[in-house]
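I opened the model to look up a few things and wrote down each one. The entries follow.

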Amino acid sequence: MMDQNHHSDKTAEAQPSEKRKTRNCCNGFKMFLAALSLSFISKALGAIIMKSSITQIERRFDISSSTVGLIDGSFEIGNLLVIVFVSYFGAKLHRPKLIGIGCIVMGTGSILTALPHFFMGYYRYSKDTTFNPSENSTSNLPTCSINQSLLPNRTSLEVVEKGWEKDSGSYMWIYVLMGNMLRGIGETPIGPLGISYIDDFAEEGHSSLYLGNLLAVTMIGPIIGFVLVSQFSKMYVDIGYVDLSTIRITPKDSRWVGAWWLGFLAAGLISIISSIPFFFLPKTLDKPNKEKKASVSSISLPMKNEEKSQMASLTKTGQNVTDTITGFLQSLKSILTNPLYVLTLFLTLLQASSHIGSVTYVFKYVEQQYGNSASETSILLGFITIPSLAAGMFTGGFIVKKFKFTLVGIAKFSLCTHLMSFLFHLLNFALICENKSVAGLTLTYDGNTPVASHVNVPLSYCNSDCNCDPTQWEPLCGSNGITYISPCLAGCTSSTGSKKSIVFHNCSCVEENGFQSKNNSMKLGECPKSDDCRRKFYIYIVVQILTLFSAALGSTSNIMLIFKNVEPELKSLAMGFHSLTIRTLGGIPAPIYFGALIDRACMKWSINNYGKQGSCRIYNSLLYGHTFFGLTTGLKFPALVLFVVLIFAMKKKYQGKDIKASENETKAVNEANSGLLINDAKVDHETHI
């Protein structure tokens, strides 16, 4: 009787202990989920800020688009440097702490990206003049004055003597590259280790729900990113250091640089803050009590999870290394000799390269093509991109689940969605604006005759005696709607006013209908785009929404094709090799060759103090548009052809078979798709966007 009472007391004591343990487990898991959500938000935030700041970085560091493409691709380089280490050792180490370290490294990379701003001195947007932001005078702005000495020598001398400006830093952009690479290194463990931790310790059947919620919460990052970039782009880069009333350019000027560095500081601090909870989380969490009972019901002596993991670890350690390597190589050979997998790999690589390149430079395209400021472009693209992609992915997933397509049916659905996206994409060619009328680039300096090439346009009678500096870029808008490169090259002989209100008079090159204009006074700034171009811009927005939505429709089916065309035991390897290929052959080179071809459309380059080519001031709109969309079309079209080949190959292989995604496989696919979308949340379509 006493033994029975003693046993009941023990049972009573054990029950609160079990409840407490379960409650602690739940609290630990919820804390991990909250911390991981914040880290995913900060990851997506940093990615959006980098993509949106491409144009600002290009102007601030006076570099070409191809160099900016290299900076953008450095994120993937950093990712590849540690992905093998994370994949192999990540699960064996303390995953929460490893994620926390990754957040710190990612935050440090963002802060390192912003640091050059504090060492470069003031931004001098008018390198070819003696404009000084501490002065109110405009006497240094050159006008047409016969027998005056050329300006560059006088400029350099005065700038050095006054000491208000340091050089913009010929190689300071390398710190931005290193910071972005460091951000890529830090980002690597967050996605795979975080998702695997959720999958290991979530309640049975709930991991898909948690991953879906994580993906939804991650969208907060891009939203915050677009808003921050929009606000910071309105602020002058040296805000707090110079008198803003002396700045004569506006955010729509091709030389304007916003406070790009503030966004990276914000992203870095949020990343570091998000790391703190991970250092207080355990290496493992106990499974919920019900699951433990179910798992041990078939054996007499229950085994603790820790003991299981220790035994599994010992078993793995005892495996022969040579056999492991041989097995890996055989598995790799198996997927690479699978024609369906290889076809899927190549077509998704082409699609990803197209998406990555277009997303990297779409901000710049909208600014240059339609005359929008960086602030307007950022908030607009954010407003149309996120809802379009979210709606497309949700609708696509729903359709696949609703109609329960066969595997060939999934491929056909994916082909249809990408064909729709391709056809909408072709409409962009009709929305390219005509070139601006610029005297000395698209017209002769008197504005009367179009020129065949913008290179070495000869001077006209109206400015041939002015001894102007041909490298100068200080645009003015004439009453005839023509933009002139500088007051001197416009033949202006005098000016009144100061700062933004300066007006130039007696501009002899301003003509209307072949006669010198009676109103030959001009103000600083390029002429606005035509009304026809603005109408095209509104249509462009609608086309982008349709293109993004239709492309997102096929995102889930693409992932399923990768999973289901290989043996079940090779799914993880197939997905990992696919991700590695996209990053290596898509994420790194695409921004570089896109940038190099876009550079060919430049009509006017800035010249730095060393006489070297800097950033582009104005592009040939037609050439830029045809190059940009021609390159993306050249990548999308072969992908569609490979889709057709893939469908015929699948029909031949699965003829007479009704192959559908089983419930478990669909769940696995959805989880992997969620993980990939989150892991690459750069808003860069590859699953990048």
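I looked up helix H18 (residues 555–564) and found 10 of its 10 residues buried, so the helix is largely enclosed by the rest of the structure. Buried means under 20% relative accessible area, exposed over 50%, and partly exposed in between (1.4 Å probe, protein chains only). Helices are DSSP runs (H or I, at least four residues), numbered from the N terminus. Among the buried residues of H18 are Asn558, Phe563 and Lys564.

I noted that this is a predicted model, where local features need pLDDT of at least 70, side-chain atom pairs count only at pLDDT 80 or more, and totals for chains, interfaces and linings use all residues. Residues are numbered from 1 along each chain as its sequence is written, and side-chain values use heavy atoms, with hydrogens and water left out.

I checked pLDDT, the predictor's confidence in each residue from 0 to 100. The chain has a mean of 79, and 78% of its residues reach 70 or more.

Next I searched the whole structure for aromatic pairs and got 26. Rings of Phe, Tyr and Trp (its six-membered ring) pair if their centres lie within 6.5 Å; planes under 30 degrees apart count as stacked, over 60 as edge-to-face and the rest as tilted. The Phe403 and Phe405 rings are stacked, because their centres are 6.0 Å apart and their planes at 20 degrees. Phe403 is exposed, at 55% relative accessible area, and Phe405 is partly exposed, at 23%.

I then looked at Tyr624 and Phe628: centres 6.3 Å apart and planes at 90 degrees, so this pair is edge-to-face. Both residues, Tyr624 and Phe628, are buried.

Technical notes
Helices (H or I, at least four residues) and strands (E, at least two) are DSSP runs, numbered from the N terminus.
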